[in-house]
Amino acid sequence: SIARLETPFVRAPSALVSVATILGHLNASGASIIGFPLSGAFIGPGAYSGPTTAIGGLLISPRPATLKWVSAITRFVVSTASIGFDLQLRGASIFANATTRPAIAAGGTFISTASIATVNIQSGNILQGDVASVGTNGFVSQIAIQFGTD
């Protein structure tokens with residue numbers, strides 16, 4: 001919500017603002033940002049044939065948020081029964097257990113889920129994307145694990 005909108009041309013209370021189109025840029029202080037979602041991605045350009053942690057590095061949350069979805073995509077199809085992925089928050093999986101983690105089935109390239117057990121992110125929390133499991137003699141290549149918040 002906007003308490004007051006001030007531009008070089010208009011001053012209006014929030015009751016009068018229903019839609020705002022910003023053509024240039026919006027400067028908002030970090031202390032006042034509410035309602036802008038966080039969206040992160042862990043990108044791994046290599047080939048993975050077993051569990052691997054911190055694909056694409058670590059991310060630090062700049063502010064509190066609520067996780068809404070997690071997805072994983074690969075450039076090449078999965079060459080085994082399935083590839084399981086994990087998103088960790090503060091070093092622990094956000095999913096209830098291994099069976100609720102997203103997994104791309106053989107021959108597939110994409111999975112998305114909203115089945116998340118731990119949804120609350122706090123400012124300063126560390127997030128990481130992992131390859132949690134790979135079927136026997138399988139591999140996956142060029143991974144992106146993405147997430148989004150409210």
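**Stop 1: Ala105**

Select Ala105, which counts as partly exposed at 46% relative accessibility. The model you are looking at is predicted. Ala105 sits in strand β8.

Now show what touches Ala105. Set aside the neighbours within four places in sequence, and Ala105 is in contact with Val78, Ala81 and Ser82. Pick Ser82 from that group. How far apart are Ala105 and Ser82 in sequence, and how far in space? They are 23 residues apart along the chain, while their C-alpha atoms are 4.3 Å apart.

**Stop 2: the whole chain**

Zoom out and colour by secondary structure. The protein chain has 12 strands and 0 helices.

The protein chain exposes about 8,900 Å². Carbon and sulfur atoms supply 57% of that area. Of the 150 residues, 33% count as buried.

Think about contacts across the chain, too. Take those between residues at least 6 apart in sequence: 78% of them join residues at least 24 apart.

**Stop 3**

Side chains of opposite charge can pair when their charged atoms come close. How many salt bridges does the structure hold? It holds 1. Arg101 forms a salt bridge with Asp86, and the closest N and O atoms are 3.6 Å apart. Arg101 lies in the loop between β7 (92-93) and β8 (103-105), and Asp86 lies in strand β6 (residues 82-89), so the pair ties together parts that are 15 residues apart in sequence.

Asp86 is buried, at 4%.

**Stop 4: Thr74**

Move on to Thr74, in strand β5 (residues 65-74). Thr74 is buried, because its relative accessible area of 6% falls under the 20% cut-off.

Show the side chain of Thr74. Which backbone oxygen lies 2.7 Å from one of its polar atoms? That oxygen belongs to Phe76.

Finish by displaying the other contacts of Thr74. Leave out the neighbours within four places in sequence. The contacts of Thr74 are then Phe85, Ile104, Gly108, Thr109, Val140, Ser141, Gln142 and Ile143.

Technical notes. Residues numbered from 1 in each chain as written. Predicted model: local features only at pLDDT ≥ 70, side-chain atom pairs only at ≥ 80, totals over all residues. Heavy atoms only, no water. Salt bridge = Lys/Arg side-chain N within 4 Å of Asp/Glu carboxyl O. Helix = DSSP H or I, 4+ residues; strand = E, 2+ residues; numbered from the N terminus. Buried < 20%, exposed > 50% of the residue type's maximum accessible area, 1.4 Å probe, protein only. Contact = heavy atoms within 4.5 Å. Areas by Shrake-Rupley, 256 points an atom, 1.4 Å probe, with all protein chains shown as cover. Polar contact = N/O pair within 3.5 Å; in protein donor to acceptor, adjacent residues only side chain to side chain.
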